[in-house]
Amino acid sequence: MKKNTYRTVKNRVNLILLTVLSIIFLFPLFWLFTTSIKPDYQIYKMPPQWIPNPPTFAAYPRVAKLINFPKMLANTLTIVIFTILGTCLSCGLVAYSFSRLTWKGRDIFFVILLSTMMLPGIVTMIPIFILFLKLGWLNTFKPLIIPSFFGNAYFIFLLRQFFVTIPFDLSDSAKVDGASEYQIFYHIILPLTKPAFAVVAIFQFMASWNDFMGPLIYLNDPGKFTLGLAVYALTSGNQGSLDWTGIMAAGVIQVIPVLVIFFFTQKYFIEGITLTGIKG
Amino acid sequence: MGKKRFFTKKDLTGYLFASPWLIGFGIFNLYAIIAAIYYSFCDYSIIEPPKWIGIGNYLELFLKDELVPTVFYNTLYYTAFAVPLGMAMAFFLAVLLNQKIRGISWFRAIFYVPSVVPAVASSILWLWIFRPRDGLLNIILGLFGINGPNWLASLEWSKPALIIMSAWGVGGSMLIFLAGLQDVPRQLYEAAEIDGATGWVKFWKITIPMMTPTIFFVLITGVISSFQVFTAAYIMTGGGPGNSTMFYVLYLFNRAFRDFRMGYASALALILFLVIFVISLILLSTSEKWVYYEARR
């Protein structure tokens, strides 16, 4: 009896603590959104105008026109869609090789694969940039898309973890029936591991949508910018005369798709993070 | 032939399936590292072909470049505070979340959400929050009678500002800790309860030791990514004021893509790689003392 009341009190304290912390964590996003729908004169008000009155969405069409939103969205989505395609295709095949085929050198290459995860991206950035420059790929989406067709260590590892759980008897009986490895991959493994590919696709979406340094290095022509670059470009004016409601509206525009995807695919997120330790 | 062939059809299939990554590894890792090493011994402005200058870049880096100590200091400062703070917060949140309360998945989602916010969006948002006079943070500090600092406009407070901002994105580490906590075997707690152990004793004698592998993982990956902090500083401060947020990778980026000194930037990149490598090795060697690995079956 005594123990139970202790439990309830403890739970209640935890609940209060969690609520307070949740408010703190959400407050910046609340501030982002409310600033974007404030009439301009209210954003500098002291004490602050917590709830915009009257709320106005005027900043949205203004900033959408300014950054040429349809074009930026199309550019970003082009990169996102092709990188998802490239990643799922290449990582699926490679993971299949590392999990369900036996070949000379496989285990050594797998250790190498894991160790490349520890290699800081910045070390290889300059030679890769020069390579793409020499290929004449600057100011195109190719440097941002093509590498995804050559696999990604994290996603290969993640898919492999899923592939090894599928009973090998399935492959063996298919082989008896004369199926090739490719047919086994396509007709047996793929249908059984759709959730794993969903995890990869979602993470790749986030990575491409959120990428800043890649587009910053490779895209110079404002017509080719991604949404992230376009939003960043809004802040590069004179600090005193920045259109803050517009900038916050642009921020909201960039955030909303990831929030929507996150809320509908939470389960996959948590699975992916716990399996690989990708921190998002 | 009778003799086992050296390279069978089975091997060929394996290599074929793995070929996207094998080729990618060859180009984007192997070639790139060798090229980076070569460039680091060259004067290379892209416009003209690389010119071999021996260890000139390294001499400049270690002896002449007065900014190198600054950017190392800034990066170490950032890492030394952002990583422990982030880990402590992530662990605390994970412990709070690791219990049966209704709506726990909502709380989990809320704490994780900031880490899916794109770096550009979070940077502009925090730029707005950190404004000295009318920014949200100083308004709230004002409610408690605290006169907030100038944050990003201040030499002393610019780095702490970016560290505070990084703490907002601890959701990923939190989820990893949470998964670790859920893996701690129930029986251990039950056995301890029979022996009369209280909550704190269980926490220190069971939870923490069982969590050390996870803590170690989050520590290593956190240090590696903190050493490469870039986007927030690039967007929010550009390295200023007075180079107080000029972090290593930001400096490297400027040398490479603003001054087009690809050779020098390659030398900077390799030194950073070595530093990260050595720090990882040091952490790894200390891990034997404090990381508890369950005996494998």
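**Views of a predicted model with chains A and B**

**View 1. The overall build of chain A.** Chain A has 13 helices and zero strands, and this is read from a predicted model. Followed from the N terminus on, the elements of chain A run α-α-α-α-α-α-α-α-α-α-α-α-α. Among the contacts in chain A that link residues at least 6 apart in sequence, 78% join residues at least 24 apart.

**View 2. The two domains assigned to chain A.** The domain assignment divides chain A into domain 1, covering 2-42, and domain 2, covering 60-276. The centres of domain 1 and domain 2 of chain A, taken over C-alpha atoms, are separated by 33 Å. Six residues from domain 1 of chain A and six residues from domain 2 of chain A take part in the contact, and the side of domain 1 that touches domain 2 holds two nonpolar, two polar and two charged residues.

**View 3. The side of chain A that touches chain B.** In this view, 72 residues of chain A are in contact with 70 residues of chain B. Several helices of chain A each supply at least two residues to this side, among them helix 1 (2-36), helix 3 (69-100), helix 10 (194-210) and helix 13 (244-276). Helix 13 of chain A gives the most, with 13 residues. Sorted by class, the residues of chain A on the side that touches chain B comprise 49 nonpolar, 19 polar and four charged.

**View 4. The kinked helix 10 of chain B.** Helix 10 of chain B, made up of residues 199-226, spans only 34 Å between its end C-alpha atoms, whereas a straight helix of 28 residues would span 40 Å at 1.5 Å a residue. Within helix 10 of chain B, a kink of about 50° lies at B:T212, shortly before the proline B:P213.

View 5. Which residues of helix 10 of chain B are buried? They are B:M211, B:T214, B:I215, B:V218, B:T221, B:G222 and B:S226. The cover over these buried residues of helix 10 includes helix 3 (67-97) and helix 8 (171-183), both of chain B.

Notes. Residues are numbered from 1 along each chain as its sequence is written. Chains are lettered from A and ligands numbered from 1 in the order in which they are written. This is a predicted model: local features need pLDDT of at least 70, side-chain atom pairs count only at pLDDT 80 or more; totals for chains, interfaces and linings use all residues. Helices (H or I, at least four residues) and strands (E, at least two) are DSSP runs, numbered from the N terminus. Two residues are in contact if their C-beta atoms, placed from the backbone, lie within 7 Å. Ala, Val, Leu, Ile, Met, Phe, Trp, Tyr, Cys and Pro count as nonpolar, Asp, Glu, Lys and Arg as charged, and the others, Gly among them, as polar. The expected span of a helix is 1.5 Å times one less than its number of residues. The bend at a residue is the angle between axes fitted to the seven residues ending there and the seven starting there. A residue is buried if 20 or more other C-beta atoms lie within 10 Å of its own, exposed if 12 or fewer, and partly exposed in between; C-beta atoms are placed from the backbone. Domain bounds come from an automatic or database domain assignment.
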